[in-house]
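Q: Please give me a close look at a single part of this model, down to its side chains. I would then like to see how the rest of the chain is arranged.

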Amino acid sequence: MRYSGDFWGGFAAMLVALPAAVAFGVTVYSAISPQYAAFGALAGILGATALGLIAPTFGGTDRLISAPCAPAAAVLSAFAIQLVSQGVQPVPVVLMMTVLGILTGLIQILIGFLGIGKLIKYIPYPVVSGYLSGVGLIIIGSQLPKFAGAPAGIYWLEVLITPHHWDWRGLSIGGMTILAMLVAPKFTKAVPGTIIGIFTGILTYAGIASTDPSMLQLSGNSLVVGSLGATSEGYVELITNRWYQIGELKLSQVAGLVSSAITLAALLSIDTLKTCVVLDQMTRTRHDPNRELAAQGFANVVASTIGGMPGAGTMGASLVNLSSGAKTRISGIVEGVMALLVALLLGAFVAWIPIATLSGVLIVVGLRMIDTDPLRFLESRSTVLDFSVVLAVIGVALFVGLIAASAVGVILSIILFLREQVGGNVVRRKSFVGQRSSTWYRPEAEMQVLEKKGNTAVIFELQGSLFFGTTHQFYLTLEPELMTTDFLILDMQRVQSVDVTAIHMLKLVRDLLSERGVPLLLSSVRESLPNGRNLREFLELAGLVSDGTAVIIMPTLEAAIEWVEDRLLGDVSKPEVELPPLELHEIELFKGSKPDTLTDLKACMEIRSYKAGENIYKRGDSEADLYLIRRGEVRIMGYVGGSSRLCHIATFGRGEFFGGLAFLDHQPRGNDAIASRDSDLYVLTLEKFNYLAEEHKRIAFVLVSQLARTLAIRLRHTDDELTLLQES
């Protein structure tokens, strides 16, 4: 009972896959000659058997059913029709189709072993949509003459405009088949609509045959599939002779099949992987695309070798398999075994399936392949061109060929992509150092200087791809600044890719700035872009080396802004570690205070020293002390999005204070404070401040007022910067 679901799932899938396989085989071989229809039915059966047995055995996707499919039928039919129109005899056509199937399988195996299977999913959706719709229309067009019961060799358009070619018997049988397939799912889900449609067509044929004795004979009856010969020596002899005759094919003929084999391999691979993705989504599993394609290729080689139809993982049969309770790959093997048993035991029954019924099945399959979703592209002007790609692929597929259709679709998609990229703006935001701030908190007097001088330093935050399509527009954006700015910062944090043309443009910008003695600052130059390229190494190889003069590379935008701020302030003299510790009256917060006030304040304060790298406090600490920096430097580190990853928020230097928020609201610390250099601090504990407030209310009032004023200035600057970021 463990595999009962796989058994019934495989059996149900066979009921869907086998009739369709027979129909596909008849379609392909009928294009060679009407006399080959029976061999086409057998090709479909053998293809369903070989694919069903081999693909799931070597593949890795549970519940996937592999069988001859519509794309294979469309390509092989078009291939056969083209050869016949060139005057090629039926036997060589069959031989070349056999070789085409084998080459297709070998290419799929190669795709799998080279790991290219993962790349097929990147084929643009408009191309796939147009291709599938084009194949669907080709199938419908190829089946209309058979559906109408018209004589062989008549084109579908001629059939539509010449009713005297119609056979009312074929129209009735095919019409009832289509009607049953479309209506049946509304009343029952237990039996697939394909099965109901086929049996409806057979019953309709039987009803008409009761009034027409000629329809009760199998020999010479063009309305039915005809004898399969599955158990006779005739078919075995045909396959044996085929392999004797293949040696007569010229190497140039085989080489000419490669392009068609590549197209068919791509189509079958896409069809398979598309089905695998749907199964993954429905079962919350994950398939291995390369292993699956190698298995499908091996199955197609075997199927073609024994005279069967090549195929792929099919959506309809796989979903029937899933809904019937299948759990593993065994269900696919069951489907292959059942297909062979039905062919051997019920071959006489299959022989009486009407051609119009199979045509009706394929017409419905073709209709369902037509993708109507792209019609929504017409609702917006921005997606109209994407719809034009779909139409172009359909048109080329119908009037030129499937190979040309795929090529045209991919080329048009690339052109549209380049158009969008060229039309896009690689400058995410333009701002000035006077509007932004580094992580270094500056005293109020310095902030005022930076606001005045900051407009001489411009910042461009870049995004997207810097390549030949966007380089010219980007240079036009930079050009007005190259003759006026004193500092130019290009932030590359959001850059996705860079090509040689963009690098050449950056070198030109460097040279123009160097003529005026202005450095080019590049910030956030990553060593790993999404495309795998090391941007820093690429810049250095191209000649953009950080030399400290013409080109300066900074790790972050904040570091670049800090570097510019120091130059604007002229604060690039001797290092801070050589300066003596500040006294209380020298700290910005208390400048202008009376000596008595400072004496009382100092009596309440402690002096603490911290080594570089030592924690002053950590997030969650309950102490609420206020810290004033006499000497050294302190970094404030926050946690990104509640995670454990620390991020540099701010840096406070000599004369600044920190810890003011917890001092005022008495809440636990929300970040970490770390001494980035050896530091001496004044520390005012909350207990000492409360004592001060009781004994010297005015001193406490002055302290809180100064503290609130400085925090307000910081908050206002932060608010202005956030407003700038929101508006950009």
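A: Helices (H or I, at least four residues) and strands (E, at least two residues) are DSSP runs, counted from the N terminus. With those elements assigned, Asp-212 falls in the loop between helix H8 (193-209) and helix H9 (233-246). This is a predicted model, in which local features need pLDDT of at least 70 and side-chain atom pairs count only at pLDDT 80 or more, while totals for chains, interfaces and linings use all residues. Residues are numbered from 1 along each chain as its sequence is written, and side-chain values use heavy atoms, with hydrogens and water left out.

Relative accessible area is read with a 1.4 Å probe and protein chains only: under 20% is buried, over 50% is exposed, and partly exposed lies in between. Asp-212 counts as buried because its relative accessible area is 19%. Its side chain makes a polar contact of 2.9 Å with the side chain of Arg-169. A polar contact is a pair of N or O atoms within 3.5 Å; within protein, one atom must be able to donate a hydrogen and the other to accept it, and residues adjacent in sequence count only if both atoms are side-chain atoms.

A further buried aspartate is Asp-680, at 12% relative accessibility, in strand S15 (residues 679-684). The side chains of Asp-680 and Ser-609 are joined by a polar contact of 2.7 Å. With neighbours within four places in sequence left aside, the residues in contact (heavy atoms within 4.5 Å) with Asp-680 include Pro-581, Leu-628 and Arg-630.

Two other loop residues have backbone angles to note. Arg-63, in the loop between helix H2 (37-58) and strand S1 (66-68), has phi near 75 degrees, a positive value in a residue other than glycine. Ser-524, in the loop between strand S6 (520-523) and helix H22 (535-541), has phi near 55 degrees, again a positive value in a non-glycine residue. Arg-63 is buried, at 13% relative accessibility, and Ser-524 is buried at 6%.

Turning to the whole, the protein chain holds 27 helices and 15 strands, and 51% of its 728 residues count as buried. Among contacts between residues at least 6 apart in sequence, 80% join residues at least 24 apart.

A nonpolar core is a set of buried Ala, Val, Leu, Ile, Met, Phe, Trp, Tyr and Cys residues joined through side-chain atoms within 4.5 Å. The largest such core has 79 residues, and Leu-18, Tyr-29, Met-97 and Met-309 touch the most other members. Helix H1 (residues 4-30) gives the most to this core, with ten residues. A second, separate core of 34 residues includes Leu-462, Phe-474, Tyr-475 and Ile-553. In soluble globular proteins, nonpolar side chains tend to be buried together.

On the surface, Leu-53, Val-337, Leu-340, Leu-341, Leu-344 and Leu-345 form a nonpolar patch with about 490 Å² of accessible area together. Such areas come from the Shrake-Rupley method with a 1.4 Å probe; for residues, only the protein chains shown count as cover. Patch residues have over 30% relative accessible area and no salt bridge, with nonpolar side chains (Val, Leu, Ile, Met, Phe, Trp, Tyr) joined within 5 Å and like charges within 9 Å. A salt bridge is a side-chain nitrogen of Lys or Arg within 4 Å of a carboxyl oxygen of Asp or Glu. Helix H14 (residues 330-345) supplies the largest share of the patch, five residues.
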